[in-house]
Amino acid sequence: AGGASAAARARRLEEDAQIILIERGYEPSFANCGLPYYVGGEIESRGKLLVAPAERLRQRYRLDVRTRQEVVAIDRNQKTVSVKNLENGETYDETYDRLIISTGASPFRPPIPGIDSSHVLELRDLVDADRMHERAANGNSRRVVIVGAGFIGIEVAENLARRGLDVTIVELADQI
């Protein structure tokens, strides 16, 4: 939610500025710390994860919110970004006076055999949470291995165990 938070703050600082928020995903602002609890069923409604849906950002902060679009290049000399629309594949250039880059993070995927299997899931956004929630809730999964004992890994493990799954945590470091 860093980009959405920065855009809302920019609006408070510059009442008349044209502010464009470009978001690769479907939702510009969601409670990522709640994802493990949605996966585990503790948070029952996916909608409760939406902190500031795109329409609210448009109406409340007058932001030009563009979801399912990705900045693929930055030309600092020309002060432009190249944007790819992920729905139709078209690209366009957008100019800027000031640019805030808020890329988020990606889970580390260790280079091990089988990492690209459809049975290997990661948890970064709502789409990932939906996929993991469905698999955890459908009753077909019984055993889970969590690779990584950071905050998210531990919270996912806790919530999947609460669902009754047999959970094993694997961590490279000598402590969690």
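**Architecture and packing of the predicted model**

Of the 176 residues in the protein, 30% are buried (under 20% relative accessible area; exposed is over 50%, and partly exposed lies in between, with a 1.4 Å probe and protein chains only). The model is predicted, with local features requiring pLDDT of at least 70 and side-chain atom pairs pLDDT 80 or more, whereas totals for chains, interfaces and linings use all residues. Residues are numbered from 1 along each chain as its sequence is written, and side-chain values rest on heavy atoms, with hydrogens and water left out.

The secondary structure consists of 5 helices and 7 strands (DSSP runs numbered from the N terminus: helices are H or I of at least four residues, strands E of at least two). From the N terminus, the order of elements is α-β-α-α-β-β-β-β-α-β-α-β. Along the principal axes, the C-alpha atoms fill a box of roughly 55 × 35 × 35 Å. The accessible surface comes to about 11,800 Å² (Shrake-Rupley method, 1.4 Å probe; for residues, only the protein chains shown count as cover). Carbon and sulfur atoms hold 48% of that surface. Among contacts with a separation of 6 or more, 47% join residues 24 or more positions apart (contact: heavy atoms within 4.5 Å).

An open sheet is formed by 3 strands in the order S3-S4-S5, with antiparallel pairing (two strands pair if DSSP finds at least two bridges between them). Strand S3 (69–75) and strand S5 (91–95) are the edge strands, each with a single partner, so one side of each has no neighbour in the sheet. From one strand to the next, the twist averages 30° (axes are lines fitted to C-alpha atoms, for helices over the stretch in contact; angles run from 0 to 180 degrees between N-to-C directions). Strand S4 (residues 80–85) is joined to S5 by 5 bridges. Serine 82 has aspartate 93 of S5 as its bridge partner.

The largest nonpolar core has 16 residues (buried Ala, Val, Leu, Ile, Met, Phe, Trp, Tyr and Cys residues joined through side-chain atoms within 4.5 Å). Leu35, Val39, Leu123, Ala129, Ile146, Val156 and Leu160 touch the most other members. At least two residues come from each of H2, H4, S6 and H5. H4 gives the largest share, 4 residues. Another core, of 11 residues, lies apart from this one and includes Leu21, Leu57, Leu63 and Val65. Beyond its neighbours within four places in sequence, leucine 35 contacts Phe30, Leu49, Leu123, Arg124, Asp125, Leu126 and Ala129.

Helix H5 (residues 151–162) has 12 residues and should span 16 Å at 1.5 Å a residue; its end C-alpha atoms are 17 Å apart, which agrees (expected span: 1.5 Å times one less than the number of residues). Gly153, Val156, Ala157, Asn159 and Leu160 of H5 are buried. Their cover includes helix H2 (35–39), helix H4 (126–137), strand S6 (143–147) and strand S7 (166–170). Just after H5, glycine 164 adopts a positive phi of about 100°.

Arginine 66 lies in strand S2 (residues 64–67). The residue is buried, with a relative accessible area of 15%. Not counting residues up to four places away in sequence, arginine 66 touches Ile20, Leu21, Ile22, Glu23, Tyr92 and Glu94.

Alanine 1 sits in the segment before helix H1 (2–13). With residues up to four places away excluded, alanine 1 touches Pro28, Ser29 and Phe30. The C-alpha atoms of alanine 1 and threonine 103 are 9.8 Å apart, although 102 residues separate them along the chain.
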